[in-house]
Each structure stands twice: as C-alpha cells, then as structure tokens.
Amino acid sequence: MQHIENEDCYNGLTVNSGVAQPPSVNPYITHRRRKPMPTVGEIVEGILKGDVTMLSRAVTLVESLSADHQTLAQEVIEKCLPYSGNSRRIGITGVPGAGKSTSIDVFGLHVLKQGGKLAVLAIDPSSERTKGSILGDKTRMEKLATHPGAFIRPSPSAGSLGGVARKTRETIVLCEAAGYNNIFVETVGVGQSETAVHSMVDFFLLIQLAGTGDELQGIKRGIMEMADGIVINKADGDNIDRARLAQAQFKSALRLFPTPASGWTPEVLTYSGYYELGIPEVWDMIDRYFDFVKANGYFDTKRAQQARYWMFETINEQLHANFYNNPEIEKMLAEGETDVLANRRTSFAAARTVLDYYFANKR
Ligand code: GDP
C-alpha cells in the first residue's frame, strides 16, 4: 500500500515499505510444558542426596509468597529437620566496601580445602529481586561461584526483616539436610539485620576497616557486643600500620564490655582478603571458638535459645501478617487514623474498635 508520506505533497523523503513480521516469535512456545512440581517426598529425597537443583527448588518454595508453596515448603522443612543442625553457622557483617565478598570468597575456599560443603546465604532486607540483590550475588564471589562444594543464594527479596530472616533461617535447615556443614550468613549494617543474623548463627564475625582513626565512632551501638570476633580487613601495603592501630583500639574498647554469656573473650585480628594474608589465623580463631563453646556447653544452650526465639518470632510474624494483610482491617485502620488525627477519637478507642473487629472475625 502506498504510504501517505510518499504522496506528491511530501517532497524529499521516501518511506520504504516495512518488513513483514513473523506470525510469532516462537510458534512452539505455547506447547512447551512446565515441569511438574515434584512431590514433597521427591524434594526431600533429592535434598538428602545433596541434589542442588532440588535444594534450589525447595528454597524457592520457602521464599514464595503463594500460600500453596508455603504449605509445601513447611512440609519439606519438617521432614528435613531431623537431618539438620550439623553445621557451623557463621554470621559475617560489615559495612558495604568492608570487603565481605572478597573475604567470603577466600574464607570459603579455605574452609572447603578442609573438606565438606559450604552454603553462603544473605540477609539484606533492602534488596529487591528485580533490582538485583546487593548480597549473595554469585558474581561477587567468583572463586566460590564455580566451586562444586559451594551453594550461593542471594537474600530473599525485600519484605519485612522478620520475614526475610525467617526464610533464611529455614533455608539453613534445608542446606544442612543437603549436607552443607558450613553455613555463612552475610549481612550489611542495614536496620536490625545484624540482630537477625546473630539470632541464627553460632559465631558472629564483624569485618572492620582501618583508616580514619575514628573507627570506634562510626560503629553502630550494640554491634560490638554481638561480635565473637572482630577482623580488620585490608591490612596490606601502606595500610598495615593503621590496621594494627585499629586492632589495638578495638582490643581496648572490648575490655570495657563484660565477658559475654559464652565465656569467650572476643578476639581482634588483622588480615587482607584481597592479598590472602592472615586467613588461616582468622580461621584458627573460629575453630578455637567452636572448641571452646562445645566444651563448656554454650553451643547447645545458644542453639536452644535460638530455636525458642524463632518459634516466638514466627508466631509474631504470622500474627502481624494475618492482621495487617486483612483488607477490612486495612480500611478500618485508615478510618481510625483519620479520626485520631482529627481528634474525633482517642488512639485507644480507635485501636479497640479494630482489635474487637479482628478478634470477632478471625478465622
Ligand atoms: P563488600 O561490599 O563488603 O562486599 O566489599 P567488597 O568485597 O566488594 O570489597 C570492596 C572493595 O575493597 C573492592 O574494591 C575490593 O577489591 C577491595 N578489597 C577487599 N578486600 C581487600 C583487601 O584485603 N585489601 C585491599 N587493599 N582491598 C580490598
């Protein structure tokens, strides 16, 4: 057909005819069948055999928002529980740029040389799958990413910290059942994410940097008390002296804290993740910690406390979600908020109305 702009009144330009479009990009695409969902028994069997594809599928179920997937995930976790627990769970934190990925890559290889398997998980409540997770990205841990004994999983996508943390905790169970005897859980100092990681690991490693001389100023309150070991990274080249100075500062700051419940006095070491200096020493410290807490019984006490904590956390999280995700409640909350702000009702009266409705109508 003649294009309108090829008519005589449009001088100087010719519009070429276009290329015919194919009927469909791939006419067979609609005929492709999705793989059927394996049964709970098949998933569990796969996990126990160490099948990484099955493990990944189970983790995806854990992370899914669909109620059906959640039911399946819970059944899988329940069946895996008897096979879990047999690992060293190590939390690793540090501000962005502290060298977590570089360090996890070398720590990970060091651990894997001693045999066994390693899972690297992450808690990053700020991450969103679609924008690419900050943590746990395989490209950040190049050596581990291609190691057959390593399983790297990014942080579950953004949600409430409680929800993200619960999913990671459940993923630990699955990984342990699949034979991963070393679990690293990485986090950045966002919100309360360190507290969440601390509540699911046996050893908590804080990666620090030397440099400005006021390292202790910038450190978040409460984090030093949580650390079982503080390691100062980038102790290489011109930075060695500054790293040693920071080490001395951290050591003296730690003396001000009471001895932790574990009875273990946190140690401060320097190392270089990039140049791979001091890695066996850091690992030796972690080995000594495990020997120490296993001998004095704290290892079991802490795991029991954590199990109890997670029971209550899960209840709190589910109650919270059940309440706030109810559309009628959402409407009532908006109305209540308007009334309270306009001084038409007191906060307590408004809260009472919503709660009364919730308790009268809860399933
Ligand atoms: P993350 O954000 O905590 O995961 O930090 P990265 O591992 O991505 O490291 C941040 C930057 O510091 C990168 O450019 C690394 O190459 C660099 N880096 C990491 N470890 C060291 C180290 O031991 N020495 C030196 N000089 N640089 C390092």
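1. Basis. The model is predicted, with local features requiring pLDDT of at least 70 and side-chain atom pairs counted only at pLDDT 80 or more, while totals for chains, interfaces and linings use all residues. Residues are numbered from 1 along each chain as its sequence is written, and side-chain values use heavy atoms, without hydrogens and water.

2. Cavity. A cavity is a set of points, on a 1 Å grid over the protein atoms alone, where a 1.4 Å probe fits but cannot get out. The largest cavity holds about 40 Å³ of space; volume here is the space filled by probe spheres set on the points, which are joined across faces, edges and corners.

3. Lining. Residues with an atom within 4 Å of a point count as lining; for the largest cavity they include Val-59, Glu-63, Leu-121 and Arg-153. Helix H2 (52–63), strand E2 (118–123) and helix H6 (161–177) each give two or more residues to this lining. Helices (H or I, at least four residues) and strands (E, at least two) are DSSP runs, numbered from the N terminus. By class, the lining has 5 nonpolar, 2 polar and 2 charged residues.

4. Strand E1. In E1 (residues 88–93), 5 of the 6 residues are buried, that is, under 20% relative accessible area with a 1.4 Å probe, protein chains only.

5. Pairing. Strands pair if DSSP finds at least two bridges between them. E1 runs parallel to E4 (residues 182–187) over 6 bridges, with Arg-88 opposite Asn-182. E1 is also parallel to E5 (residues 203–209), through 4 bridges; there Ile-92 has Leu-205 as its bridge partner.

Technical notes:
1 Å grid on protein atoms, 1.4 Å probe; cavity = no way out; pocket = protein on both sides within 12 Å on 5 of 7 lines; lining within 4 Å. Nonpolar A, V, L, I, M, F, W, Y, C, P; charged D, E, K, R; others polar. Buried < 20%, exposed > 50% of the residue type's maximum accessible area, 1.4 Å probe, protein only.
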